[in-house]
Amino acid sequence: MNQSAPPFDGKAFARTLSTAPGVYRMISADDKALYVGKASALRNRVSSYFNATPKSARIMSMLAQTARMEVTVTRTETEALILENELIKSLKPRYNVLLRDDKSYPYVLLTSEEWPRITMHRGPRSVPGRYFGPYASVGAVRDTLNLIHKLFKLRSCDASVFANRTRPCLQYQIGRCSGPCVGLVDAEVYAESVRRAVLMLEGRSDELTDEIGRAMEAASERLAFEEAARLRDLLGSIRTLQARQYVDGRAADLDALAVAMEGSAACVMLLAFRDGRNLGTRSFFPRTNGSESAEEVLAAFVSQYYGEHMPPGEIVLDRDIPDRQLIEDALSSTGGRRVQLRWNVRGDRAGYLDLARRNAQITLASERTSHAAQLARARDLQKMLGMDDLPERIECFDISHTMGEATVASCVVFDAEGPVRGQYRRFNIAGIEPGDDYAAMHQALSRRFKRAIAAPGKPAGVLPDILLIDGGAGQVGQARAVLEELDIRSVVLVGVAKGPARRPGDEDLLLPDGRTLHPGADSPALQLVQQVRDEAHRFAITGHRGRRQKARNSSRLEDIPGIGPRRRGNLLRHFGGLGGLKGAGVEEISRVEGINAALAERIYATLHGLEDAGGGPDDGTRSNG
């Protein structure tokens, strides 16, 4: 839309709408979503923005930027709430309260394989299956997995190991797995165990015990006493667990939520109980985008968080929220069971809320202090580099290798609030002379900034305000050459070189015009640079070690005379990877198709760094790793 277009007439637009429920979207002149909202009656809700009632500065700013509006009619208010959450998640509107990603928290993952596996998961939820959580700590996940393995004997091994087992593993021997890998359990029985484990993970243990009790009685009636005894033991274990849930009226299955705010900064604290176990607290810092209403922030959190995660049967809140009944109905509908949102509670639940409230206030104060310090460092860096505006995005590149082997370049990203780990990138460097750091830096920077030019308007196309290079004048020269070659002039380039004593705080900052700055250890600007540089160094080393280990692992078999691609594939498939092969003895290795006794001895000797099977000196077939 060009600048000469007439202003948006909201009153006229509202008159065209029906009174049906639905979702409305405010769009800016550059086609960016400003706000997404739901309405029980679209005409009434949209027209309320354009009447004479006084509005907050945040709403007035939003309306001033609105160039057009779009609406989607839904059948019910519940559908409108669900659609609103989906659009907020995908569009990330500028004026909505946004729940930040929680990828750093651990989950329990139940895969969607033919024989589902249960395990801990962290990071993007890209593996097909059901995710339960997030949990407050790794310890809470391990406790949960330990319970599930004891009760339901689900497998924990990965796909490659599962597909190539020829005999049951230790987990089966100690009664924590039913041995599906070698056919020791029927598919129907295993599927039933999976279904019951899901009930337990969802906090529906009462329903589960009723079901198992009925199944035990049915087994007794048909004289299947062994099955009845197994169900009796399972029921006893679950009831023993339940006996701990209600001591002193403790909660069995609920979340307690409290919000603390200072201006437009917010912290939502979640205290979770599942099956009577306190899973601890988790803190969230939603992007309020100018909202100063704790009720609005908490309502947005409940809608968005439980739109992604299975809600418990009861959620207690430290205050009432807008559309509470609507949100409760929507969560009950999508969750397949009744979900209660309660806020005026007494007894133990009031105690949980008080604990969550105090934790939220303390955590927000700590976060604000940390954020203020980060902002002060950024302002000092702005002043030191003579920048007109505060840097909003800093990228840092580092190179890692061992004597030229497995060279990896890292790129880390920081914004005003700290590291943006979802935008970190690694570059595997190839086609250069081993150990040539200048060429490696040139290749990594070229790949990064060519993508930026090719993808304007997308995340990869965002340019940093400051580009830090971990290295001296040579690396800075390579970075300057890449930026000049691609005609990128808006980026402030800074090299970070170790000082003569190579001590932290003694670094020199190298500028493209030849100037060298020596801020000193007390400089807030240098402290920020160090933080970003150290993170780039850590990320590069981690990537390099992983690449090096992978290369060395794969080369060990390749270096053994008589092991070609076919035999190597047979070995890795049989043992589920190199780790399984290293744990096998000579006799077991010799059972693999195409592997005779002499070759098995040679494989064993190579993988364990021993002398050749004949007792003579090493024949050179052992890998360098």
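A: Here is a quick tour in questions and answers.

Q: What kind of model is this?
A: This is a predicted model.

Q: Let's start with charges. How many salt bridges does a search of the whole structure find?
A: The search finds 30 salt bridges. As background, side chains of opposite charge can pair when their charged atoms come close.

Q: Give me one. What does Arg58 form a salt bridge with?
A: Its partner is Glu296. The closest N and O atoms are 3.4 Å apart. Arg58 sits in helix H3 (residues 57-65) and Glu296 in helix H11 (residues 294-308), so the bridge ties together parts that are 238 residues apart in sequence.

Q: Is Arg58 buried or exposed?
A: Arg58 is buried, at 15% relative accessible area.

Q: How accessible is Arg155?
A: Arg155 has 1% relative accessibility and counts as buried. Glu113 has 32% and counts as partly exposed.

Q: Which residue does Arg319 form a salt bridge with?
A: That one is Asp318, with the closest N and O atoms 3.0 Å apart. Arg319 is partly exposed at 22%, while Asp318 is buried at 12%.

Q: Which residues are linked in a network of salt bridges?
A: Arg25, Asp31, Arg68 and Glu70 are linked in one.

Q: Asp31, where does that sit?
A: Asp31 is in the turn of a hairpin formed by S1 and S2. There are 4 residues between the two strands. Asp31 has a positive phi of about 65°.

Q: How many bridges join strand S1 to S2?
A: There are 6, and the strands run antiparallel. S1 covers residues 22-28. Val23 stands opposite Lys38 in S2.

Q: How many residues of strand S2 are buried?
A: In S2 (residues 33-39), 7 of its 7 residues are buried, and the strand is mostly covered.

Q: New topic: what does the side chain of Asn96 reach?
A: The side chain reaches the backbone nitrogen of Val36 at 2.8 Å. Asn96 itself is in the loop between helix H4 (77-91) and S4. Asn96 counts as buried, at 4% relative accessibility.

Q: What else is Asn96 in contact with, leaving aside its neighbours in sequence?
A: Beyond four places in sequence, its contacts include Leu34, Tyr35, Ile88 and Arg287.

Q: Now sheets. What is the order of the open sheet of 3 strands?
A: The order is S5-S4-S6, with antiparallel pairing. S5 and strand S6 (129-132) stand at the edges with a single partner each, so one side of each has no neighbour in the sheet. The twist averages 30° from one strand to the next.

Q: How are S4 and S5 joined?
A: They run antiparallel, joined by 4 bridges. Leu110 has Ile118 in S5 as its bridge partner.

Q: Which helix packs on the sheet?
A: H5 does, touching S4 and S5. Its direction makes about 175° with that of S5.

Q: On to the core. Which residues touch the most other members of the largest nonpolar core?
A: Those are Phe152, Leu154, Leu257 and Val302, in a core of 57 residues. H11 gives the largest share, 9 residues. In soluble globular proteins, nonpolar side chains tend to be buried together.

Q: What is Val302 in contact with?
A: Leaving aside neighbours within four places in sequence, its contacts include Leu257, Leu317, Ile321 and Leu341.

Q: Last one: which residues have a positive phi of about 55° without being a glycine?
A: Lys153 is one of them, and Asp487 is another. Lys153 is in the loop between H5 and H6 and is partly exposed at 32%. Asp487 lies in the loop between helix H15 (473-485) and strand S17 (492-497). At 49% relative accessibility, Asp487 also counts as partly exposed.

How values were computed. Residues are numbered from 1 along each chain as its sequence is written. This is a predicted model: local features need pLDDT of at least 70, side-chain atom pairs count only at pLDDT 80 or more; totals for chains, interfaces and linings use all residues. Side-chain values use heavy atoms; hydrogens and water are left out. A salt bridge is a side-chain nitrogen of Lys or Arg within 4 Å of a carboxyl oxygen of Asp or Glu. Buried means under 20% relative accessible area, exposed over 50%, partly exposed in between (1.4 Å probe, protein chains only). A polar contact is a pair of N or O atoms within 3.5 Å; within protein, one must be able to donate a hydrogen and the other to accept it, and residues adjacent in sequence count only if both atoms are side-chain atoms. Contact means heavy atoms within 4.5 Å. Two strands pair if DSSP finds at least two bridges between them. Axes are lines fitted to C-alpha atoms, for helices over the stretch in contact, and angles run from 0 to 180 degrees between N-to-C directions. A nonpolar core is a set of buried Ala, Val, Leu, Ile, Met, Phe, Trp, Tyr and Cys residues joined through side-chain atoms within 4.5 Å.
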